[in-house]
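Please keep the sequence and the structure side by side while you read these remarks. They are numbered so that each can be checked in turn.

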Amino acid sequence: YDTTQDLQAGINQRMTNGYLPNGLSWQAGRFYVLYVRTDFTGTAWQIVTSDVDLQAVNRDLQPWLAQDYIPFDVTLAQGRYMTLLIQLPEKIAEQWSLEGVLPNGLQGLIEEKLLAGYNPWGLLVDDVANVLFLGG
């Protein structure tokens, strides 16, 4: 998608037709969305922008998490974090975590989080690997 307006229209149309936006990426000035056809569909969605700071992401997502939105993916666009949130009729996770690590520490981080009951759900690799985990 070339613009945020195109992105919004595209996600709305696909969700109406039974597709769930499961991934979000920004590359070469365009948004890309990975859609999965599924029987359970989201009831609503949001993209929340935040400063490039994991604490800012956590703070900015709180109002949406209180409304039962779940983080589905994160990307870096135009110098800001963009988190894709989906509201589902049933909760698929009780907790989430967004963690940053140097790429050579990625395997160790994932193994640690798996042992703690979290599953890797989204991935953004720039200078740092940012992994979105869902758990509980």
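1. In this predicted model, I92 has a relative accessibility of 37% and therefore counts as partly exposed, since the buried class ends under 20% and the exposed class begins over 50%. I92 is found in the loop between β5 and β6, the latter being residues 95–101. Together with F40 and W121, I92 makes up a nonpolar patch on the surface, and the accessible area of these residues together is about 280 Å².

2. Strand β5, which covers residues 80–87, has six of its eight residues buried, so this strand is largely enclosed by the rest of the structure.

3. An open sheet of three strands has the order β3-β5-β4, with antiparallel pairing. Its edge strands are β3 and β4, each of which pairs on one side only, and the twist from one strand to the next averages 20 degrees.

4. Which residues stand opposite each other in this sheet? Between strand β3 (residues 44–50) and β5 there are seven bridges in the antiparallel sense, and within this pairing V48 lies opposite T83 of β5. Between strand β4 (residues 69–77) and β5 there are eight bridges, again antiparallel; here P71 has L85 of β5 as its bridge partner, while A77 stands opposite R80 of β5.

5. The hairpin of β4 and β5 has two residues between its strands, and Q78 in this hairpin adopts a positive phi near 50 degrees.

6. A further open sheet consists of three strands in the order β6-β8-β7, and its pairing is antiparallel. The edge strands in this case are β6 and β7 (118–125), each pairing on one side only, and neighbouring strands are turned against each other by 20 degrees on average when direction is ignored. Strand β8 (residues 129–135) pairs with β6 over seven bridges in the antiparallel sense, and one of the residues to look for is G100, whose bridge partner in β8 is N130.

7. Helix α2 (residues 54–65) packs on the sheet that contains β6 and β8, touching both of these strands, and its direction makes about 165 degrees with that of β6. Helix α2 also lies across β3, β4 and β5, where it runs at about 150 degrees to β3, and a careful reader may wish to view the helix against each of these sets of strands.

Key:
Residues are numbered from 1 along each chain as its sequence is written. This is a predicted model: local features need pLDDT of at least 70, side-chain atom pairs count only at pLDDT 80 or more; totals for chains, interfaces and linings use all residues. Side-chain values use heavy atoms; hydrogens and water are left out. Buried means under 20% relative accessible area, exposed over 50%, partly exposed in between (1.4 Å probe, protein chains only). Helices (H or I, at least four residues) and strands (E, at least two) are DSSP runs, numbered from the N terminus. Two strands pair if DSSP finds at least two bridges between them. Patches are made of residues with over 30% relative accessible area and no salt bridge: like charges are joined within 9 Å, nonpolar side chains (Val, Leu, Ile, Met, Phe, Trp, Tyr) within 5 Å. Accessible areas come from the Shrake-Rupley method with a 1.4 Å probe; for residues, only the protein chains shown count as cover. A salt bridge is a side-chain nitrogen of Lys or Arg within 4 Å of a carboxyl oxygen of Asp or Glu. Axes are lines fitted to C-alpha atoms, for helices over the stretch in contact, and angles run from 0 to 180 degrees between N-to-C directions. Contact means heavy atoms within 4.5 Å.
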